[in-house]
Amino acid sequence: MKSVFAGGSRKVTRLNAEIRKRLDQIIAKHLSVLVGDANGADKAIQKYLSDRQYDKVVVFCTADACRNNLGEWAVRSVAPPHETRDFAFFTAKDAAMAREAEYGFMLWDGESAGTIVNVARLVAAGKPVVIYLSPRKIFVTLKSRQELDVLLHEIPAAAAARVKRYIAEHAREFEQQSMFGAA
């Protein structure tokens, strides 16, 4: 069964009609949804899928405890790289979802480094990603590193520098092949 890594920024807490329509298309195609357990986009996506009684969902958690599993779906526990609850701890599950999924569906606030690290992981592996750009209220589909580079050149310089630094630190497979290099 084909799978989609669905997630996004913690600041994205509500799903508008366009996002719900895209999730309905995922449901209609009977795709398996791989989703994290964080508040924000993960929780909002979980709530929508639970309300729709969609059962083809796996919730990925770091260590043994899920922060959110609204549909009481199957859980995939991912071992953290260390015990400190930092960015690397919580994104261990994201790396696993990026490896397993064939597609990505991300809701991005235009600033979250974690969301773009996930996009970078997916495109580095040749997996297409549909991104909802919350500030602009549009969808963009990325299929290559070059397309992500263009997107990153369109955001404010400070946010782009932070995002590029996180990609360099947490999506090395992308960084090794990227045009922009470390920030």
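This is a predicted model: local features need pLDDT of at least 70, side-chain atom pairs count only at pLDDT 80 or more; totals for chains, interfaces and linings use all residues.

Residues are numbered from 1 along each chain as its sequence is written, and side-chain values use heavy atoms, with hydrogens and water left out.

Student: Is Arg-121 buried or exposed?

Tutor: Arg-121 belongs to helix H4, residues 113-124 (helices are DSSP runs of H or I, at least four residues, numbered from the N terminus). Buried means under 20% relative accessible area and exposed over 50%, with partly exposed in between, using a 1.4 Å probe and protein chains only. At a relative accessible area of 8%, Arg-121 is buried.

Student: Which residues in H4 does H3 meet?

Tutor: Helix H3 (residues 87-100) packs against H4 at an angle of about 35°, with the axes 10 Å apart (axes are lines fitted to C-alpha atoms over the stretch in contact, and angles run from 0 to 180 degrees between N-to-C directions). Contact means heavy atoms within 4.5 Å. From H3, Phe-87, Thr-91, Asp-94, Ala-95 and Ala-98 meet Gly-114, Val-117, Asn-118, Arg-121 and Leu-122.

Student: Within what arc do the buried residues of H6 fall?

Tutor: The buried residues of H6 are Ala-159, Ala-160, Val-163, Lys-164, Ile-167 and His-170. They line one face of the helix, because seen down the axis of H6 they fall within an arc of 150°.

Methods. Helices (H or I, at least four residues) and strands (E, at least two) are DSSP runs, numbered from the N terminus. The arc is that of the directions from the helix axis to the C-beta atoms.
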